[in-house]
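Please view the sequence and the model together.

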Amino acid sequence: MRHAYSVETVRAAEAELMARLPEGALMQRAAAGLAAAAAGLLGRVYGSRVVVLAGSGDNGGDALYAGARLARRGAGVHAVLLAPDRAHRAGLAALVKAGGRVADDPYAVLAAADLVLDGITGIGGHGGLRPDAVPVARAARGSNAMVVAVDLPSGIEVDTGEVVGEALRADATVTFGTYKPGLLIDPAREYTGAVRLVDIGLEPHLPSVPDLEALQHTDVAQLLPVPAAESDKYRRGVVGVVAGSPRYPGAAVLAVAGALRGGAGAVRYVGPGADAVIARFPEALVHGWPPSKAGRVQAWVVGPGLGDGPGVDEVLDSDVPVLVDADGLRGLDPAAVRARSAPTLLTPHAGEAAALLGVSREEVEGARLASVRRLAAQYGATVLLKGSTTLVADPDPRRPARVNPTGTSWLATAGSGDVLSGLTGSLLAAGLAPFDGASVAAYLHGLAARLVSHDAPVSAHDVATAIPRAWRDTRTL
């Protein structure tokens, strides 16, 4: 599990650690890790040209000390001081002593650079880059140099993943001690490039409960429900699907596909797409209206392609976990969801989330973490917010949100959300709690897309077909 912590928590942990170390030791640890990462990216340090963009805080000090280490290995290092009167004095002195120089012409050295260390702002920065830093940041990004962010890309909002003003997009980010939420959540994540975590001894001083977490293969493998020798279809989980309409019969097919590929013992389908479902999946069990007469299920999925058709109220009246997606979310009553005795999972995309919250889509996309937490609190339900980084929030605010690391932009295709709904429903029926079921499903869904896309277009059907491969990979790697 990857954990991310807020600025306040990180600063408190750093203060505890620094109290036990000689003065400057923590910065030297960070600088050493940064220099090693930079050297690895350069491949050949001797003779390379490095530019350090140094702001006024400790972040600039980390970058200057790392520049000094690279200079001692034969790199030509120039420092561009964004606030010369407030530059980190000891770091700057170390750089000059090692043979580095303060740039007379920032744009000339940036144009010739092989690598740029972005140490303009640290974890305390807010509101984007200052106006005087913008031209330098643009020159760095417009050069042929590799840009390496020091702890985080300058200009992003580290606690929320928002990008309020202008920020410097990095090719790689070297972060210290722990991940920060903004490194994992879009839109800020789009600015980080590849992220490398450098251990500086901070972990023992961090709380056991993070602000944000991300599953990894081993976590998913431990959560996946695997049938035992005595399992039958009911022990594996029977999921009911109310989806599709005369206009969108394919949504029913894709939701059922996701449920079957996700390991459901059986799928009971209720809706107008019965002929399409049974033609594609003869193992599916089709039933007439109402859902309550369909037989035993351990979870319901309702909404994909439903149009204006009925089903949401009927399914919410059940006493098993319910996943509400797509058309089922329109006009959803928070009081009805909160009154349920069984758990509810909502799976909106940004537009649907905006409608539920009564805000613009842009507001949701710009503040994804705040939006998913607000939805979970408003509906008393687990919420999976789909998008470039899928987020899952529990109605209990004390629980950290989860971010999915396997997503790919190739999932932005018609029907992929229907597959995700069915997949998630199968995990709920197998007994996973909504928070775990949604997190595992998002992970498998994203991994399946990566397995079949290879940076090329894929269809929702392709993704559904690859889910068993993704399942197997998490258990064998």
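The model is predicted: local features need pLDDT of at least 70 and side-chain atom pairs pLDDT 80 or more, while totals for chains, interfaces and linings use all residues. Residues are numbered from 1 along each chain as its sequence is written, and side-chain values use heavy atoms, without hydrogens and water.

**Sheet**
- Eleven strands form an open sheet with mixed pairing, in the order β1-β9-β18-β17-β16-β15-β14-β13-β10-β11-β12; strands are DSSP E runs of at least two residues, and two strands pair if DSSP finds at least two bridges between them.
- β1 (2–4) and β12 (285–287) stand at the edges with a single partner strand each, so one side of each has no neighbour in the sheet.
- Strands β10 (residues 238–242) and β13 (residues 299–302) pair in the parallel sense over four bridges, and V241 stands opposite V301 in β13.

**Helix pair**
- Helices α16 (residues 416–429) and α18 (residues 460–476) pack at about 35°, with axes 8 Å apart; helices are DSSP H or I runs of at least four residues, and axes are lines fitted to C-alpha atoms over the stretch in contact, with angles from 0 to 180 degrees between N-to-C directions.
- S416, V419, L423 and L427 of α16 make the contact with A460, A464, I467 and W471 of α18, where contact means heavy atoms within 4.5 Å.

- T175 lies in strand β7 (residues 172–176).
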